[in-house]
Amino acid sequence: MRALPASVAITGIAGNLGRKLARLLHGETRVVGFDRRPLSDFPKDVEHHQLDIRKAQVEDVFRRGGIQAIAHLGLKHDPREDADEAHSFNVAGTQKLLDIAARHGVKKVVLLSSANVYGPAPGNPNFLPEETPLLGAARLPGYRDLIEVDMYAQSFMWQHPAIETVILRPVNIVGPTVRNAPSNYLRLERPVTVLGFDPMVQVIHEEDVCRAIALALRPGVRGVYNVTGAGEVPLSAALRELGRTPIPLPHFLVRPIVKRLFETRLSSYPPGEVDYLQYLCAVDGSRFIRDTGWAPRYSIRETLRSVLARSPAAP
Amino acid sequence: MAGIGDEIQDRLRRWTLELGGPGTRERLEKLTPPRNEFGVDPYGFDVDFLQAAAAPVLWLYRKYFRVKAFGLENVPNEGPALLVGNHSGQLPFDAAMVEAACLVDKDPPRAVRALVDKWVPTLPFVSTIFARCGQIVGTPQNCRRLLSAGEVLMVFPEGTRGLNKPFAQRYQLQRFPLGFMRLALENDVPIIPVGVVGAEEQAPAILDLQPLAKLFSFPHFPVTLTGLPLPMPVRYRIWFGEPMRFTGSADDEDAVLEGKVARVRDAVAGLLAGGLAEREHVFW
């Protein structure tokens with residue numbers, strides 16, 4: 001396997017996934033972190049810049065030279081945060097970062113997008129290829145930023161053929177430390193389901209995602225890739241595996257109820273996400289496997305069970 | 001699975017074996033679709049669930065519609081194929097009967113994957129049961145994947161135009177679109193024409209209430225003599241024709257493909273005409 005670039009910048013390094021990735025890469029390459037949050041108890045040789053990526057000082061770091069690759073994970077998805085601020089942070093931040101990358105000799109950009117950009121829909125084929133239009137925001141406005149960032153990175157890929165741009169669209173990331181909607185959902189003792197619906201779902205372990213990013217950082221990889229875990233599982237079987245007791249609600253009631261629960265802060269499950277409990281949004285990951293030899297290490301069962309581990313640091 | 005308890009599933013499975021007749025267990029054991037640790041294939045097909053869910057279908061097959069299947073040897077024992085048949089009867093019992101025939105009257109059995117319309121996944125329970133039984137939404141990507149995995153697909157080119165047509169048009173094949181032929185050419189798979197005799201009379205429709213169809217976002221809203229689209233106990237006769245092989249490019253012009261599609265349509269029409277001539281009565 002070809003060697004990693006000599007130094008890699010990670011945005012969002014203080015996040016759960018960012019920390020995991022930094023630990024994975026740090027033995028093999030120089031890691032430079034960017035995050036608004038501080039990075040505590042980390043090896044001394046990990047250089048951290050506690051900065052908003054929209055700030056001018058970010059470019060100073062790149063001017064000093066030496067950064068060969070960027071793993072861009074620093075996107076915000078919190079549905080409770082101010083939408084305008086999140087939009088500026090995600091979209092304007094990404095534009096700034098990619099602009100800097102093009103000006104300062106960065107050879108590789110890996111964007112962590114998501115398979116959710118396609119969106120769940122009743123007419124979806126069972127395995128969506130990378131060419132599928134990104135319609136995820138049609139019913140889930142929360143994905144608008146991510147889709148915009150994904151498309152911006154696609155145009156960047158064509159504008160800068162000399163830079164190897166990789167857009168990774170992993171399936172639902174699940175793990176002991178991640179706190180995204182799918183992981184939080186699987187942690188519920190009594191999750192809401194949609195009565196009579198049981199879509200196939202795909203999950204990938206957080207460590208496998210980090211390994212996929214590391215694979216994408218290596219020279220020679222370029223393009224848009226779905227990244228899959230060990231396979232597909234009916235939602236009901238996933239919940240049974242975790243010993244959950246689902247609360248099935250009829251499809252005509254589930255959205256108003258989940259919306260009310262979200263608004264009253266009784267649940268942190270965004271109402272738009274109900275579509276994922278009802279319809280398919282599974283992807284075809286064969287291209288990444290073919291081009292890079294990708295193989296996840298965790299089975300579906302291990303991935304699901306990983307959410308049961310007690311999280312070390314709840315933010 | 002799919003909201004049915006294990007005990008009920010076991011009972012249904014025993015009923016399936018009973019209705020299937022002697023040797024059914026051994027035959028069904030020859031079905032070995034890929035399964036992961038949760039017992040399903042990547043599409044959510046669960047062969048154990050199929051054996052349970054097949055019981056009521058088999059009751060209809062053996063006792064209600066008393067299906068006679070002819071020419072099952074034309075369905076290949078292995079490898080991909082496209083079954084192309086006429087569609088009728090308001091509710092798609094014809095698809096279920098074709099599948100039942102390939103499951104219990106064929107040795108080795110084939111688990112036929114019917115292509116369903118994309119409104120099926122919007123229906124509670126139906127969506128789940130269909131998926132566990134191996135039915136899938138008929139998108140081009142799905143079809144290509146399944147054929148290259150060597151599966152048998154069932155296609156009703158007439159779609160709901162055939163399914164929900166009025167009684168006066170029974171056994172008159174509606175327009176066959178070209179999609180299935182492109183699929184067959186692209187994947188180089190044989191087409192097996194299928195003529196289903198009987199279903200066309202099971203639920204005579206006199207009206208199609210389009211405003212109500214719109215209201216419920218159904219493709220059609222047929223009104224039958226009884227008001228409901230439930231089938232009468234007609235006797236089904238299912239004729240499987242000889243495999244047809246076509247050569248040429250899937251990207252040929254419509255006019256070229258139309259000629260090939262017409263040959264398949266004629267083959268289905270021929271099976272229907274032969275079946276109707278042989279039949280002495282609608283109900284027995």
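In the predicted model, B:Leu83 is in contact, apart from neighbours within four places in sequence, with B:Val98, B:Val112, B:Val152, B:Leu153, B:Met154, B:Val155, B:Ile192 and B:Val194. B:Leu83 is also among the residues with the most contacts inside the largest nonpolar core, a set of 165 residues.

The packing of α3(B) was examined next. Its axis lies 10 Å from that of α4(B), and the two helices pack at an angle of about 95°. Because angles of 65 to 115 degrees count as roughly perpendicular, α3(B) and α4(B) are classed as roughly perpendicular to each other. On the α3(B) side the contact is formed by B:Ala54, B:Val57, B:Leu58, B:Leu60 and B:Tyr61. On the α4(B) side it is formed by B:Phe93, B:Ala96, B:Met97, B:Ala100, B:Leu103 and B:Val104. The contact of α3(B) with α4(B) comprises 11 nonpolar residues, with no polar and no charged residues.

In chain A, helix α1 (residues 16-26) and helix α6 (residues 206-217) have axes that come within 9 Å and cross at roughly 55°. The crossing of α1(A) past α6(A) is right-handed. Helix α1(A) contributes A:Leu17, A:Lys20, A:Leu21, A:Leu24 and A:Leu25 to the contact, and α6(A) contributes A:Glu206, A:Glu207, A:Val209, A:Cys210, A:Ile213 and A:Ala214. By class, the residues of this contact are 8 nonpolar, no polar and 3 charged.

From α3(A), the residues A:Ala86, A:His87, A:Asn90, A:Val91, A:Thr94, A:Gln95 and A:Leu98 take part in the contact. They meet A:Asp145, A:Glu148, A:Val149, A:Tyr152, A:Ala153 and A:Phe156 in α4(A). The residues of the contact of α3(A) with α4(A) divide into 7 nonpolar, 4 polar and 2 charged.

The loop between β5 (108-112) and α4 (144-159) of chain A contains A:Pro120. A:Pro120 counts as buried because 24 C-beta neighbours lie inside 10 Å. Beyond its neighbours within four places in sequence, A:Pro120 is in contact with A:Asp275, A:Tyr276, A:Tyr279, A:Leu280 and A:Cys281. The C-alpha atoms of A:Pro120 and A:Gly136 are separated by 7.0 Å, although the two residues are 16 residues apart along the chain.

Backbone geometry was then considered. The peptide bond from B:Asp107 to B:Pro108 is cis, with omega near -5°. B:Pro108 is placed in the loop between α4 (93-104) and β3 (113-116) of chain B. A:Arg265 is not a glycine but has a positive phi of about 60°. This residue lies in the loop between α8 (251-263) and α9 (274-278) of chain A. A:Arg265 is exposed, since 8 other C-beta atoms lie within 10 Å. B:Tyr171, likewise not a glycine, has a positive phi of about 60°. B:Tyr171 is located in the loop between α7 (160-163) and α8 (179-187) of chain B. With 15 other C-beta atoms within 10 Å, B:Tyr171 is partly exposed.

The contact between the two chains takes 20 residues from chain A and 22 residues from chain B. On the side of chain A that touches chain B, the elements giving two or more residues are β11 (232-234) and α11 (300-305) of chain A. Strand β11(A) gives the most to that side, with 3 residues. The residues of the side of chain A that touches chain B comprise 12 nonpolar, 5 polar and 3 charged.

Technical notes
Residues numbered from 1 in each chain as written. Chains lettered and ligands numbered in written order. Predicted model: local features only at pLDDT ≥ 70, side-chain atom pairs only at ≥ 80, totals over all residues. Axes fitted to C-alpha atoms, helices over the stretch in contact; angles between N-to-C directions. Helix = DSSP H or I, 4+ residues; strand = E, 2+ residues; numbered from the N terminus. Left-handed = near helix turned anticlockwise from the far one by under 90°. Contact = placed C-beta atoms within 7 Å. Nonpolar A, V, L, I, M, F, W, Y, C, P; charged D, E, K, R; others polar. Core = buried A, V, L, I, M, F, W, Y, C linked by C-beta atoms within 7 Å. Buried ≥ 20, exposed ≤ 12 C-beta atoms within 10 Å, placed from the backbone. Parallel < 35°, antiparallel > 145°, perpendicular 65-115°, else oblique.
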